[in-house]
Amino acid sequence: MKRILVVDSDMAVRSQIGRHARLEGYEVAEASDGYTAVALCRQNAFDFVILAILLPELDGFSVCQTIRSFSQVPILILSECGDETDRIRGLELGADDYMVKPFSPRELMLRIAVILKRGPVLDSMRPQYINRNGISIDLTARRVTVDGQAVNLTPKEFDLLALLAGHPDVVFSRKKILDVVWGGELPEDTRTLDTHIKQVRHAIAPYSDRIVTLRGVGYRFEKE
């Protein structure tokens, strides 16, 4: 039985999708926020993720990018906004499809079936990149180059850099980083994060100053 994760802060939307998905023979899990969605995807092998954009604290775009750093599970984004910029952003971050609310549950189920029939091969071959003036991050191959030279990062260091560089000029609190990268497994006062930040800065030299520490707040990756 195929397993679907439905991520939406609105219980009514989750219930509606879950009801139709179960009628189609899918097993359904739910998450009401971005952190829970990421944690569930790390812990479970879902066959499909339906992901809303407007989520508490960690939005759907951030969730999509984070999931893509460790999984090629098909993702369909549900958004209140049909703006072209949002659609393009979602697809560039690795989403397989995009629907605007209000939506037809029947059409949603059809889109899921079509994407699942396509299979994982094409998705796994699709490259996803983050390029930040000298730093290139290949999310599919999990490789990083600095000025064209490959650098070695541990899995957590890679996830940390991908999160920060993927959202330039956005401040991430220590708690948010620990929740997304470590799945909330570490206490907020751990020195593990500081050590990883130090290692990532060393790896991306001469661009180490792009990762800015905001004392008492968190970290930010400067776009320029």
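These questions and answers cover a cavity and some salt bridges in a predicted model. In this predicted model, local features need pLDDT of at least 70, side-chain atom pairs count only at pLDDT 80 or more, and totals for chains, interfaces and linings use all residues. Residues are numbered from 1 along each chain as its sequence is written, and side-chain values use heavy atoms, with hydrogens and water left out.

Visitor: What volume does the largest cavity have?
Guide: A cavity is a set of points on a 1 Å grid over the protein atoms alone where a 1.4 Å probe fits but cannot get out. Points are joined across faces, edges and corners, and the volume is the space filled by probe spheres set on them. One cavity of 30 Å³ or more is counted. The largest has a volume of about 60 Å³.

Visitor: Which helix gives the most to the lining of the largest cavity?
Guide: Lining residues have an atom within 4 Å of a point. Helices are DSSP runs (H or I, at least four residues; strands are E, at least two), numbered from the N terminus. Helix 3 (60-68), helix 7 (155-165) and helix 8 (174-182) each supply at least two lining residues. The most, three residues, come from helix 7.

Visitor: Which strand holds Glu27, the salt-bridge partner of Arg3?
Guide: A salt bridge puts a side-chain nitrogen of Lys or Arg within 4 Å of a carboxyl oxygen of Asp or Glu. Glu27 and Arg3 form one, with the closest N and O atoms 3.5 Å apart. Arg3 lies in strand 1 (residues 3-7), so the pair ties together parts 24 residues apart in sequence; Glu27 lies in strand 2 (residues 27-31).

Visitor: What is the N to O distance between Asp179 and Lys175?
Guide: The two residues are four apart in helix 8, which means about one helical turn separates them. Asp179 is buried, with a relative accessible area of 14%, while Lys175 is partly exposed at 39%. Their side chains meet in a salt bridge at 2.8 Å.

Conventions:
On a 1 Å grid over the protein atoms alone, a cavity is a set of points where a 1.4 Å probe fits but cannot get out, and a pocket is an open set with protein on both sides within 12 Å along at least five of seven lines; lining residues have an atom within 4 Å of a point. Buried means under 20% relative accessible area, exposed over 50%, partly exposed in between (1.4 Å probe, protein chains only).
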